[in-house]
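Subject: Structure for your review

Dear colleague,

I am handing over the structure below, together with notes on helix packing, pockets and cavities. Please read the notes with the structure open beside them.

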Amino acid sequence: MDGIYLRRSWGGSYENVSVMVAIGVNDDGYREVIGAAEGFTESSECWREFLSWPRPRGLRGVRMFTGDKAAGMVGSIAEVFPGAAYQRCAVHFYRNVLARAPRSKRPRVAAMLKAIHAMESREAAEAKALAVAGELESLRLKEAAKVVREGFAETLTYTRFPREHWRRIRTNNAIERLNREIRRRTRVVGTFPDGRSALMLVTARLKYVAESEWGSRRYLDVTLLEEAHREAGL
């Protein structure tokens, strides 16, 4: 899931509003656009309403959400889909850490962070994350180290799933193509007169991309998930 901000007329003034988009991988392993909706902000109320909307339409069996930890997202997931795990996008996590590091040290810090998610097990990744936090502290990057210590566990949820899927499910990369396409089209318009026109353009582009190679290529081997599910006795 992700939220994209657009500018439109709202109550006589022009405001930035969020269009929330969710995609998923179906039972056959192909990506689908689940839905898109407008919210004034990415608040808990907006995310809760957005997440509640697909359930009556048949969305079930959700095992994990991947997002960038937008305000209100995590709590809303736990409330609407209590059985689903939450994976914080590793790339957005890197950005949060790098924002606390001086520009001259960012390449080194980025390499350290990537090493966390290159580990072969959750235990090894956790140990590496703590080692990275300690190294950041030795470099006098205490704020960056604090972000690592407080946030790395949320970025390792993907390790519960088959190893073959790790690279694809630990980030929001699956939705970035859609985001780029939406931004490319909405940037031409600039400011929308109302929410209806904004959503019409966004959903038209989502439909176009979903019907292209993006939606016709198998993304995950779902049989691996089913095998892991059976082995766990669930």
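In helix 5, residues A129, L130, A133, G134, L136 and E137 meet A144, A145, V148 and R149 of helix 6, where contact means heavy atoms within 4.5 Å and helices (H or I, at least four residues) and strands (E, at least two) are DSSP runs numbered from the N terminus. The residues of this contact divide into seven nonpolar, one polar and two charged (Ala, Val, Leu, Ile, Met, Phe, Trp, Tyr, Cys and Pro count as nonpolar, Asp, Glu, Lys and Arg as charged, and the others, Gly among them, as polar).

This is a predicted model, in which local features need pLDDT of at least 70 and side-chain atom pairs count only at pLDDT 80 or more, while totals for chains, interfaces and linings use all residues. Residues are numbered from 1 along each chain as its sequence is written, and side-chain values use heavy atoms, with hydrogens and water left out.

The axes of helix 5 (residues 122–138) and helix 6 (residues 142–151) come within 8 Å and cross at roughly 165°; axes are lines fitted to C-alpha atoms, for helices over the stretch in contact, and angles run from 0 to 180 degrees between N-to-C directions. Helix 5 and helix 6 are therefore roughly antiparallel to each other, a term used for angles over 145 degrees.

As for open spaces, the largest pocket has a volume of about 1,000 Å³. Of the 35 residues that line the largest pocket, I23, G24, V25, N26 and M64 are the closest to its centre. On a 1 Å grid over the protein atoms alone, a pocket is an open set of points with protein on both sides within 12 Å along at least five of seven lines, a cavity is a set where a 1.4 Å probe fits but cannot get out, and lining residues have an atom within 4 Å of a point. Grid points are joined across faces, edges and corners, and a volume is the space filled by probe spheres set on the points. The lining of the largest pocket has 19 nonpolar, eight polar and eight charged residues.

The second largest pocket holds about 210 Å³ of space, and its lining divides into three nonpolar, one polar and six charged residues. Helix 8 gives the most to that lining, with three residues.

Finally, the structure holds one cavity of 30 Å³ or more. The largest cavity has a volume of about 50 Å³, and its lining has nine nonpolar, no polar and no charged residues.

Best regards

Key
Angles under 35 degrees count as roughly parallel, over 145 as roughly antiparallel, 65 to 115 as roughly perpendicular and the rest as oblique.
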